[in-house]
Amino acid sequence: MQSPIMARTRSAHAHAQVLDAALKLFLKGGYDGTSMQAVADEAGVTKPVVYACFDSKDELMRALLRREEGRILAEIQGAFENADL
């Protein structure tokens with residue numbers, strides 16, 4: 001039986017894989033040009049795994065935007081970390 005910690009780690013890894021794949025595909029083909037099956041194929045997982053991570057393409061896009069917003073804000077904060085303002 002799989003431990004709860006391993007299950008969470010696998011789940012987090014699957015989320016990251018799906019988000020990375022979605023970013024690549026959304027940038028290439030846009031929202032309308034990207035299917036959940038294409039995201040699954042790009043991530044190397046099955047479509048049910050994608051839907052286990054995100055209930056819909058809209059939810060996937062929103063999660064991706066939140067993640068990328070966090071990355072951008074962290075970059076900005078890092079740029080000003082040692083600044084003497």
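## Aromatic pair

A search of the whole structure turns up 1 aromatic pair. The ring centres of Phe-26 and Tyr-31 are 5.8 Å apart and the planes are at 25°, so the pair is stacked. Rings of Phe, Tyr and Trp (its six-membered ring) pair if their centres lie within 6.5 Å; planes under 30 degrees apart count as stacked, over 60 as edge-to-face and the rest as tilted.

Phe-26 is buried, at 9% relative accessible area. Tyr-31 is partly exposed, at 31%. The cut-offs are under 20% for buried and over 50% for exposed, with partly exposed in between (1.4 Å probe, protein chains only).

## Basis of the model

This is a predicted model: local features need pLDDT of at least 70, side-chain atom pairs count only at pLDDT 80 or more, and totals for chains, interfaces and linings use all residues. Residues are numbered from 1 along each chain as its sequence is written, and side-chain values use heavy atoms, with hydrogens and water left out.

## His-15

His-15 sits in helix H1 (residues 4-29). Helices are DSSP runs (H or I, at least four residues), numbered from the N terminus. His-15 is partly exposed, with 26% relative accessible area.

Not counting residues up to four places away in sequence, His-15 touches Cys-53 and Phe-54 (contact: heavy atoms within 4.5 Å). The His-15 side chain reaches the backbone oxygen of Cys-53 at 3.3 Å. His-15 and Phe-54 are 39 residues apart in sequence, and 8.4 Å apart from C-alpha to C-alpha.

## Phe-80

Phe-80 belongs to helix H4 (residues 57-80). Its relative accessible area is 48%, so Phe-80 is partly exposed.

Technical notes: Helices (H or I, at least four residues) and strands (E, at least two) are DSSP runs, numbered from the N terminus. A polar contact is a pair of N or O atoms within 3.5 Å; within protein, one must be able to donate a hydrogen and the other to accept it, and residues adjacent in sequence count only if both atoms are side-chain atoms.
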